[in-house]
Amino acid sequence: HIQESKNPAVFGFSESPASERTQQTISTMVNFLRKSSRNLLILCISVLTLITLICRSLQYSIGSTSSWLEIVDSASSEGDSNQSNNANNYVDSQAKSFLPDTCHQHRVINFTSLSSQIEQGKNSAMGKDGGEWSACTHIKLYGMNFAAFFARHLAYGLKPKSVLEFGCGLGTTSDFLARFVPGGSNVVCVEPEPMIGEVFGAGSGVAKRFPFRPVQLSMLSFSPEAKTCSDKLYDADMGFELVLSLEVAEHVPPEFTGELIRRLASATTKYLVFAAGRPGQG
């Protein structure tokens, strides 16, 4: 039944019933292949895009973590005394020009090493039933955790020129922001227990290029002893572009919850990043 057709679309088949069924079958197959090819192309593009995003995310995360860990390692090794003095002088100058006068009495000057705290077992159980934690408590429960992708977004996405972190744990996020926000940033973190030197130290090597460090205030913000500092610190006149508090509210006694929210909100002039533990969270 094969003959030359006037319609090229029927592929040269005659008009017999068998040919019509064959034409329909071929047309169906062609349409299916067209749709399948289009869908396959879309799928391939989507997969490639996803792989690219994952690779970039891993690259940023690993790069950020590596940079920060190099700083920690450098801080633990023998540093350049001149560089350390320059960094200390900068932090002193920063604190004097930026901190309210009523807060200087709460500023931490000397940071002990993590190894010495571990050897002494200092406050390793502090805060297990609520309230503030020590550095040892944090290390014991969570290790040296650091969300590199999150810190990069805060530093390079928001680019805050001034930061207040309420409850900074080991201080890794505050430390990263102080060192890596483009153009520099005045960073103040509030944590009742003094931080560790491995995080807040001036260091050497890679750290020489990023000598800026946060200022820590060791105080209970809602205590009578800290009221004069808190009244000035948690005020819009300080001009904090970023106020940060991550899973700290659950450590604050319930009677201070209202004051906590008011103070964080009043201190914020641009960005407020807040997170609290879920009910029943360990």
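Modeller: This is a predicted model. At its surface, I261, L272 and F274 make a nonpolar patch of about 260 Å².

Biologist: Where is L272 found, and is L272 buried or partly exposed?

Modeller: L272 belongs to strand 5, which spans residues 268–275. Its relative accessible area is 42%, so L272 is partly exposed.

Biologist: What is the overall arrangement of helices and strands in the protein chain?

Modeller: The protein chain has nine helices and five strands. Along the sequence they follow the pattern α-α-α-α-α-β-α-β-α-β-α-β-α-β.

Biologist: Which parts of the chain does the pair of F98 and F240 tie together?

Modeller: F98 lies in helix 2 (residues 81–98) and F240 in strand 4 (residues 240–246), so the pair ties together parts that are 142 residues apart in sequence. F98 counts as buried because its relative accessibility is 17%, and F240 is buried with a relative accessible area of 0%.

Biologist: What geometry do the rings of F176 and F180 have?

Modeller: The ring centres of F176 and F180 are 4.6 Å apart and their planes lie at 35 degrees, so the pair is tilted. These residues are four apart in helix 6 (residues 172–180), which means that about one helical turn separates F176 and F180. Both F176 and F180 are buried. Elsewhere, ring pairs link F166, F222, Y234 and F256 into a cluster.

Biologist: Let us turn to charged side chains. What is the general idea, and how many salt bridges does the structure hold?

Modeller: Side chains of opposite charge can pair when their charged atoms come close. The structure holds four salt bridges. In one of them, D175 pairs with R179, the closest N and O atoms being 3.0 Å apart. D175 and R179 both lie in helix 6, four residues apart, about one turn of the helix.

Biologist: Is the pair of D175 and R179 buried or exposed?

Modeller: D175 and R179 are both buried. For D175 the relative accessibility is 0%, and D175 therefore counts as buried. The C-alpha atoms of D175 and F212 are separated by 8.4 Å, although these residues are 37 apart along the chain.

Biologist: Which residues form a salt bridge with R263?

Modeller: R263 forms a salt bridge with D231, with 2.9 Å between the closest N and O atoms. R263 lies in helix 9 (residues 257–267) and D231 in helix 8, so the pair ties together parts that are 32 residues apart in sequence. R263 also meets E259 in a salt bridge at 3.0 Å, N to O. R263 and E259 both lie in helix 9, four residues apart, about one turn of the helix. Salt bridges that share partners join K227, D231, E259 and R263 into one network.

Biologist: Finally, what is a disulfide, and how many are counted here?

Modeller: A disulfide is a covalent bond between the sulfur atoms of two cysteines. The count comes to one disulfide. C103 and C229 form it, with their sulfur atoms 1.9 Å apart. The link of C103 and C229 is right-handed, with 100 degrees about the S-S bond.

Biologist: Where do C103 and C229 lie?

Modeller: C103 is in the loop between helix 2 and helix 3 (114–120), and C229 is in helix 8 (residues 227–233); the pair links distant parts of the chain, 126 residues apart. Both C103 and C229 are buried.

Conventions: Residues numbered from 1 in each chain as written. Predicted model: local features only at pLDDT ≥ 70, side-chain atom pairs only at ≥ 80, totals over all residues. Heavy atoms only, no water. Patch = residues over 30% accessible without salt bridge, like charges linked within 9 Å, V, L, I, M, F, W, Y side chains within 5 Å. Areas by Shrake-Rupley, 256 points an atom, 1.4 Å probe, with all protein chains shown as cover. Helix = DSSP H or I, 4+ residues; strand = E, 2+ residues; numbered from the N terminus. Buried < 20%, exposed > 50% of the residue type's maximum accessible area, 1.4 Å probe, protein only. Phe/Tyr/Trp six-rings, centres within 6.5 Å; stacked < 30°, edge-to-face > 60°. Disulfide = S-S within 2.5 Å.
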